[in-house]
Amino acid sequence: MRKDTFLRRAIRRTLALGLAAVTALGLSVTASATYAPPFDVSAEAALLVNLNTGDIIYEKNADQRMYPASLTKLMTCILAFEMCPDLDGTTVTAKAYIYDEFYGLNVSTGDIRRGETMTMRQLIYAMLMQSANEAASIVADYLGDGSIPYFAEMMTERAKELGCTGTNFVNPHGLFDENQYTTARDMYLIAKHAISIPGFLEIASTVHYEVGSTNIHESLAWNTTNTMMRKGTTYYYEPVKGLKTGTLPEAGKCFVSTASQDGFDYLCVVLGAPIVQDENGREIDNKAFDDTKKLYEWVFDTFSIKTLMEKGRDVTEIPLRLAKDVDYMKLASDERFSALVPDEIEASSVVLEYELPEYITAPVKKGDRVGTARLILAGEQIGEVPLVATFSAERSAVAYAMDRLETVTLSYWFKFGVVFLASFVVFYIILMVLRNRSRRRYRRPQR
């Protein structure tokens, strides 16, 4: 099928503009208190985020540069979805040169042969399920106008558009290159965007896929490398869906996944977990899966959304000037505030810090916004709520008149006028005294 380069580039520009609009609306990871689980995380870097609230629950070296291994294919698949509106109608034939890179290497493949034709959807299945390296290069060659390096540049640019600041791609599959790197935080942004694409999570969560017959294979099928989704395996964990596994000697064990339970949705990134092998070089434990399962079990068992501030709760008071029969105004929260916190956290655990003026002046209407209360938990701000007046206060005419008088008497021009008048009076008195003396001398009789 002939590629329409202009159309694909127009689609990318439209997506970039849409992302900019979303960013302008301020949709981002929420700054929140992070917590330490009661176990060690073996991975070198990790990030656990609640997708419902945007709260970062746990992080470890989240901004440290890491090798992504086959997690790279998440970005390759993102571009495939975004640049090919018709995944089933777009067919691609594998070029022979693509296989030269893999000659003599023990890499994961989907057994896609030279000259074999697949739909773009099938190639995405191959990448996300079987971690097929040749499928990634086939897609990159097709979408990169015959240039895999150019496609890698597109991957890096798209990552920047998603907000990534520590990511660089030089290939579409994730085989080791010291110039190909990412961070746990960047990989979270990439994965979060991926699952927002309709159909992406469905493919990434498929355990077994029948390709059927092709122009080369009579029958072809793939199984997922994510054994946390495969019932009967050591690592099976029912809440997990997707997304991608990755392993390299230089990168360790890597895994990005989502999990949902009791109405809570999480995304977990684990990078650089140890590779554990026996004396024969066979893998005997997947530490990336171990870390992921422990983090999910901990967060599901420990955290819930709690209301830490009720709307209308009396919070503090502030001096009130010029009102009738009252000197202080009680302030109440104007919003309810809820947050995802450990179960043992109660509203009393939250410390309030206020941003208020020294006083307010009548008249004041009930509901007028006066200031803000910041909610502090474990030394970190987890949110804020506006504070409003709890009743209306009329201004006292007498108090107001006295205040105006005091204001006038304390003003610069009043003081200047008083000093000027006093100086003028003194000057006038002196002038009169001198004038009277002069007159007396003039009237003195001459002898």
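Reader: How many cavities of 30 Å³ or more does the structure hold?

Author: This is a predicted model, and the structure holds 1 cavity of 30 Å³ or more. About 30 Å³ of space lies in the largest cavity.

Reader: Which residues line the largest cavity?

Author: A lining is read as a list of residues, which can then be sorted by element and by class. Here the list runs Leu-128, Ala-204, Thr-224, Thr-225, Asn-226, Met-229, Gly-242, Leu-243, Lys-244 and Thr-245. Strand 7, residues 240–248, gives the most to this lining, with 4 residues. Sorted by class, the lining of the largest cavity has 4 nonpolar, 5 polar and 1 charged residues.

Reader: What is the volume of the second largest pocket, and which residues are the closest to its centre?

Author: The volume of the second largest pocket is about 490 Å³. It is lined by 26 residues, and the closest to its centre are Ser-108, Thr-245, Gly-246, Thr-247 and Lys-253. Thr-245 is also among the residues that line the largest cavity.

Reader: Which elements give two or more residues to the lining of the second largest pocket?

Author: They are strand 7, strand 8, strand 11 (283–286) and helix 8. Strand 7 has the largest share of this lining, 5 residues. By class, the lining of the second largest pocket has 9 nonpolar, 14 polar and 3 charged residues.

Reader: How many bridges join strand 1 to strand 9?

Author: Strand 1 (residues 45–50) and strand 9 (residues 264–273) run antiparallel and are joined by 6 bridges.

Reader: What is the order of the strands in the open sheet of 6 strands?

Author: That sheet has the order 16-18-19-14-13-17, with mixed pairing. Strand 16 (351–355) and strand 17 (360–361) are the edge strands, and each pairs on one side only. Inside the order, strand 18 (residues 369–377) and strand 19 (residues 380–389) pair in the antiparallel sense over 8 bridges. Gly-371, for instance, has Leu-387 in strand 19 as its bridge partner.

Reader: Now a single residue. Where does Asn-61 lie?

Author: Asn-61 lies in the loop between strand 2 and helix 2 (72–83).

Reader: Why does Asn-61 count as partly exposed?

Author: The class comes from relative accessibility, with buried under 20% and exposed over 50%. Asn-61 is at 37%, so it counts as partly exposed.

Reader: Which residues does Asn-61 touch, not counting residues up to four places away in sequence?

Author: Asn-61 touches Glu-44 and Ala-45. Distance along the chain and distance in space are read separately. Asn-61 and Glu-44 are 17 residues apart in sequence and, C-alpha to C-alpha, 7.0 Å apart in space.

Technical notes: Residues are numbered from 1 along each chain as its sequence is written. This is a predicted model: local features need pLDDT of at least 70, side-chain atom pairs count only at pLDDT 80 or more; totals for chains, interfaces and linings use all residues. Side-chain values use heavy atoms; hydrogens and water are left out. On a 1 Å grid over the protein atoms alone, a cavity is a set of points where a 1.4 Å probe fits but cannot get out, and a pocket is an open set with protein on both sides within 12 Å along at least five of seven lines; lining residues have an atom within 4 Å of a point. Grid points are joined across faces, edges and corners, and a volume is the space filled by probe spheres set on the points. Ala, Val, Leu, Ile, Met, Phe, Trp, Tyr, Cys and Pro count as nonpolar, Asp, Glu, Lys and Arg as charged, and the others, Gly among them, as polar. Two strands pair if DSSP finds at least two bridges between them. Buried means under 20% relative accessible area, exposed over 50%, partly exposed in between (1.4 Å probe, protein chains only). Contact means heavy atoms within 4.5 Å.
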